[in-house]
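Please look over the following model with me before we discuss it further. My comments are set out as numbered points.

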Amino acid sequence: MEADNEDAESDSEEAQRNVVAEAFADDDVVEEFNREKQDVEEKDKPKDIDLTLPGWGDWAGAGLGVNAKKRKKFTVKAPNAKPRKDRFLPNVIISERHDEKIIPHQIRELPFPFTTVAQLQSTIRAPIGKTWNTEAAFDEMTKPKYTTKTGVVIQPINPRIALKKNKRKAGDFVGDGDAARTTALAVSEVVDAEKKTGRVSKRRKTLH
């Protein structure tokens, strides 16, 4: 029984090969692939840049060509092409063109809070559209970091508060029109500086 099964499998494989051979009998696939690879290699090679302009230091017009010496003088030679990655792979074509449009979207360092490349890639692979997620999950993944109510005036950040190195409590944040608290915080900063230097600042007198 096993011998009969092996013979049947070999016959089916031979029949499959014959079908494929008949289907591509008139097509020279290997030759077409080699020509395509040669075209790709020739297209990717650096080309010389011809900077000659007709009429500059020479006659120009219909039927007149550019002087060979002049063309050679104003032709920028291209650098030697780098060895291709598929030069030892006769059955493979590796595209070595770089898409400049994706360069601004590439990152060089892992963004916070990712610690490994695998974590970042797993997050990027996961789609966030409504087609693949529930409504609640979609809203959670796309909600903005900060939200405000319609019509609320957002006050500008106080640079004195934002740039202070020392940590403050949540209650020390300056709200709308809280000038007295702003002055108190400024005085506290001056006092801290006086303790470190041992001098009384003129700025403290003006703040009082």
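1. Lys70 lies in helix H3, which spans residues 68–73; helices here are DSSP runs of H or I with at least four residues, strands are runs of E with at least two, and both are numbered from the N terminus. Lys70 is buried, with a relative accessible area of 14%, where buried means under 20%, exposed over 50% and partly exposed in between, using a 1.4 Å probe and protein chains only.

2. Leaving aside residues up to four places away in sequence, Lys70 touches Thr52, Leu53, Trp56, Gly57 and Asp58, a contact being heavy atoms within 4.5 Å.

3. This is a predicted model, in which local features need pLDDT of at least 70 and side-chain atom pairs count only at pLDDT 80 or more, whereas totals for chains, interfaces and linings use all residues. Residues are numbered from 1 along each chain as its sequence is written, and side-chain values use heavy atoms, with hydrogens and water left out.

4. The mean pLDDT (the predictor's confidence in each residue, from 0 to 100) is 75 for the protein, with 72% of its residues at 70 or more.

5. Over residues 169–183 pLDDT stays under 50, and the model has ten contacts for them beyond four places in sequence. Where pLDDT is low, the predicted coordinates should not be read in detail.

6. For the protein overall, there are eight helices and two strands, and 8% of the 208 residues count as buried.
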